[in-house]
Amino acid sequence: MLLLTTEKGDCQQQVQCRIQKCTTDFVLLTSHLNSGSDGFDSEFCKALRAYAGCTQRTSKACRGVLAFHSAVQGIGDLMNHRNCSRDGPTSSTNPEVLHDPCNYHSRTGAREQRGVELVQPTYLFCGLFGDPHLRTFKDQFQTCKVGGAWPLIDNNYLTVQVTNVQVVPGSSATATNKVTIIFKSYQGCTDQKVYQAVTDDLPAAFVDGTTSGGDGDAKSLRIVERAGGKHVEMHAKYIGTTVYVRQLGHYLTLAIRMPEELAMAYEESQDLQLCVNGCPLSERIDNAGHLPVPVMGYVAPHPAFTPSWPAFTKEAATTKCLEKMPVKDLYFHSCVFDLLTTGDVNFTIAAHRALEDLEALHPKKERWRIFPSSGNDAICKSGTLPAISLGLVCFILVAFL
């Protein structure tokens with residue numbers, strides 16, 4: 001850290017660069033805000049102006065500090081993105097008063113603020129779509145049979161179970177037609193809430209008829225309907241978790257983002273979790289990410305099954321999937337596999353939406369793309385991080401841009 005020395009007679013005063021304190025205060029000032037709520041833009045702009053003012057006050061001491069210059073650039077980008085004016089009211093400079101025990105981000109910020117430095121929590125992503133294709137918390141990509149009811153997540157805070165049914169008679173491929181999610185009660189922030197969706201019934205409410213959990217206006221758990229009967233989101237602020245459920249065609253898809261420390265908080269008896277450990281080997285269809293493609297280029301329909309859509313050749317399926325997914329990663333290959341297996345073009349849309357949900361929820365952009373050529377350990381990085389860690393600034397840009 002750079003020190004600026006000013007002389008007053010024989011005395012010297014050392015002034016430290018306080019960019020980390022500025023950034024920490026901004027995170028705490030915005031951790032309780034929800035981008036979907038009324039007044040978000042106004043409050044977020046107030047916090048940005050307070051952040052900018054803090055950086056100006058410490059600018060002399062921060063000359064040559066890379067994190068400082070990155071923060072200044074990030075503030076400008078955020079102001080432009082959110083249409084914030086440079087002049088106007090600012091948030092309180094005492095974010096400590098905003099600590100909310102029913103807000104995971106605020107809670108962890110308060111906990112770390114009492115320590116030596118602020119360390120942002122690590123988030124994990126899990127997704128399930130198609131026939132079905134699973135992306136685990138470890139960024140392993142698998143295609144599985146898993147017919148019947150299976151737990152995706154089962155920890156001390158959240159349980160997610162899916163039920164999969166056979167897609168085409170004679171095929172081992174299945175798809176999800178039922179989702180059950182249990183948000184477990186937590187320290188006065190919310191009572192236990194159960195959500196259940198089945199094909200053609202994707203409600204925007206929990207099974208008890210409510211749409212939120214927790215007291216007051218700032219609900220610690222809430223459901224948001226993005227598209228009637230087709231797309232709902234669940235935001236559990238008290239555990240920092242977001243869940244997307246969609247219906248595409250006759251089947252459901254899931255995308256989940258959860259803090260690592262909570263996702264890994266489970267008992268030994270709860271180790272059967274597809275998001276954590278993947279599918280059992282006996283349930284795997286793929287081979288290290290490689291999906292079996294029919295020799296003849298298409299799957300002949302079962303005699304007892306007459307689809308309402310034509311069968312696809314491999315070439316036709318490839319062309320169709322390239323329309324939505326020009327990069328030939330495992331989402332693209334899953335799309336081709338699903339078209340060849342079912343002939344149902346809705347699986348093309350499901351793969352595309354799954355990729356969009358990944359990009360919305362997965363915290364590490366450099367790990368979005370996985371390719372089959374080198375198996376699950378080959379994660380294509382779209383960029384490399386600089387040698388000097390700018391984690392806090394990068395977190396802000398990813399979270400709000």
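Which residues in α2 meet which residues in α3? I will come to that after some background.

This is a predicted model, in which local features need pLDDT of at least 70 and side-chain atom pairs count only at pLDDT 80 or more, while totals for chains, interfaces and linings use all residues. Residues are numbered from 1 along each chain as its sequence is written, and side-chain values use heavy atoms, with hydrogens and water left out.

The overall picture, then. The protein has 10 helices and 16 strands. Both are DSSP runs numbered from the N terminus: H or I over at least four residues for helices, E over at least two for strands. Of the 401 residues, 47% are buried, where buried means under 20% relative accessible area, exposed means over 50%, and partly exposed is in between, using a 1.4 Å probe and protein chains only. Take the contacts between residues at least 6 apart in sequence: 58% of them join residues at least 24 apart. Contact here means heavy atoms within 4.5 Å.

Now the opening question. Helix α2 covers residues 40–57 and helix α3 covers residues 66–81; they pack at an angle of about 150 degrees, with axes 10 Å apart. That makes α2 roughly antiparallel to α3. Angles under 35 degrees count as roughly parallel, over 145 as roughly antiparallel, 65 to 115 as roughly perpendicular, and the rest as oblique. The axes are lines fitted to C-alpha atoms, for helices over the stretch in contact, and angles run from 0 to 180 degrees between N-to-C directions. On the α2 side are Phe44, Leu48, Arg49, Tyr51, Ala52 and Thr55, which meet Phe68, Ala71, Val72, Ile75, Leu78 and Met79 in α3. By class, that contact has 10 nonpolar, one polar and one charged residues. Nonpolar covers Ala, Val, Leu, Ile, Met, Phe, Trp, Tyr, Cys and Pro; charged covers Asp, Glu, Lys and Arg; the others, Gly among them, are polar.

Helix α2 has another partner. Helix α1, residues 19–30, packs with α2 at about 170 degrees, with the axes 9 Å apart. That makes α1 roughly antiparallel to α2. Ile19, Cys22, Thr23, Phe26, Leu29 and Thr30 of α1 make the contact with Phe44, Ala47, Leu48, Ala50, Tyr51, Cys54 and Thr55 of α2. In this contact 10 residues are nonpolar, three are polar and none is charged.

Last, some backbone details. Most residues other than glycine have a negative phi, and most peptide bonds are trans. Asparagine 83, in the loop between α3 and α4, has a positive phi of about 55 degrees. Is asparagine 83 buried or exposed? At 68% relative accessibility, asparagine 83 counts as exposed. Valine 146 also has a positive phi, of about 35 degrees, and sits in the loop between β5 and β6. Valine 146 is buried, with a relative accessible area of 2%. Finally, aspartate 131 and proline 132 are joined by a cis peptide bond, with omega about -25 degrees. Proline 132 is in the loop between β3 and β4.
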